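Dear colleague,

Please find the structure below, handed over for your records. My notes on selected residues and on one helix pair follow it.

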Amino acid sequence: MINLRRLRGLRVEHDLTQEEFASWIGMPISTYRKKELGLSPLQLEEAYKISQLLGESIEDIFFKNKVPK
């Protein structure tokens with residue numbers, strides 16, 4: 001299950017606004033807001049861009065439980 005609360009928390013922790021995030025991903029802020037609220041699905045490409053921006057893996061950002069190795 002995707003953990004969108006963690007996404008918001010990391011965004012705030014890095015002192016980034018939704019507008020800055022949306023710009024980095026290359027989407028309108030209204031679209032990003034829907035994604036952060038879970039009203040619109042996040043695409044893998046978008047998740048990858050977010051992981052690059054935050055310097056964390058996709059798994060660490062979006063999944064409550066890490067996949068066992």
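Leaving aside neighbours within four places in sequence, S40 is in contact with K34 and K35, contact meaning heavy atoms within 4.5 Å. S40 itself is found in the loop between α3 and α4. With a relative accessible area of 23%, S40 is partly exposed; buried means under 20% relative accessible area, exposed over 50%, and partly exposed in between (1.4 Å probe, protein chains only).

This is a predicted model, in which local features need pLDDT of at least 70 and side-chain atom pairs count only at pLDDT 80 or more, while totals for chains, interfaces and linings use all residues. Residues are numbered from 1 along each chain as its sequence is written, and side-chain values use heavy atoms, with hydrogens and water left out. The average pLDDT (the predictor's confidence in each residue, from 0 to 100) is 87 for the protein, and 90% of the residues score at least 70. Helices here are DSSP runs (H or I, at least four residues), numbered from the N terminus.

E46 counts as buried because its relative accessibility is 15%. A polar atom of the E46 side chain lies 2.8 Å from the backbone nitrogen of Q43.

Turning to helix packing, helix α1 (residues 4-13) and α3 pack with their axes 9 Å apart, at an angle of about 125°. The axes are lines fitted to C-alpha atoms over the stretch in contact, and angles run from 0 to 180 degrees between N-to-C directions. The two helices, α1 and α3, are therefore oblique to each other; angles under 35 degrees count as roughly parallel, over 145 as roughly antiparallel, 65 to 115 as roughly perpendicular and the rest as oblique. On the α1 side the contact is made by L4, L7, R8 and R11, and on the α3 side by Y32, K35 and E36. These residues divide into three nonpolar, no polar and four charged.

Finally, D15 has a positive phi of about 55° although it is not a glycine. Most residues other than glycine have a negative phi. D15 sits in the loop between α1 and α2 (18-25) and is exposed, with a relative accessible area of 67%.

With kind regards

Technical notes. Ala, Val, Leu, Ile, Met, Phe, Trp, Tyr, Cys and Pro count as nonpolar, Asp, Glu, Lys and Arg as charged, and the others, Gly among them, as polar. A polar contact is a pair of N or O atoms within 3.5 Å; within protein, one must be able to donate a hydrogen and the other to accept it, and residues adjacent in sequence count only if both atoms are side-chain atoms.
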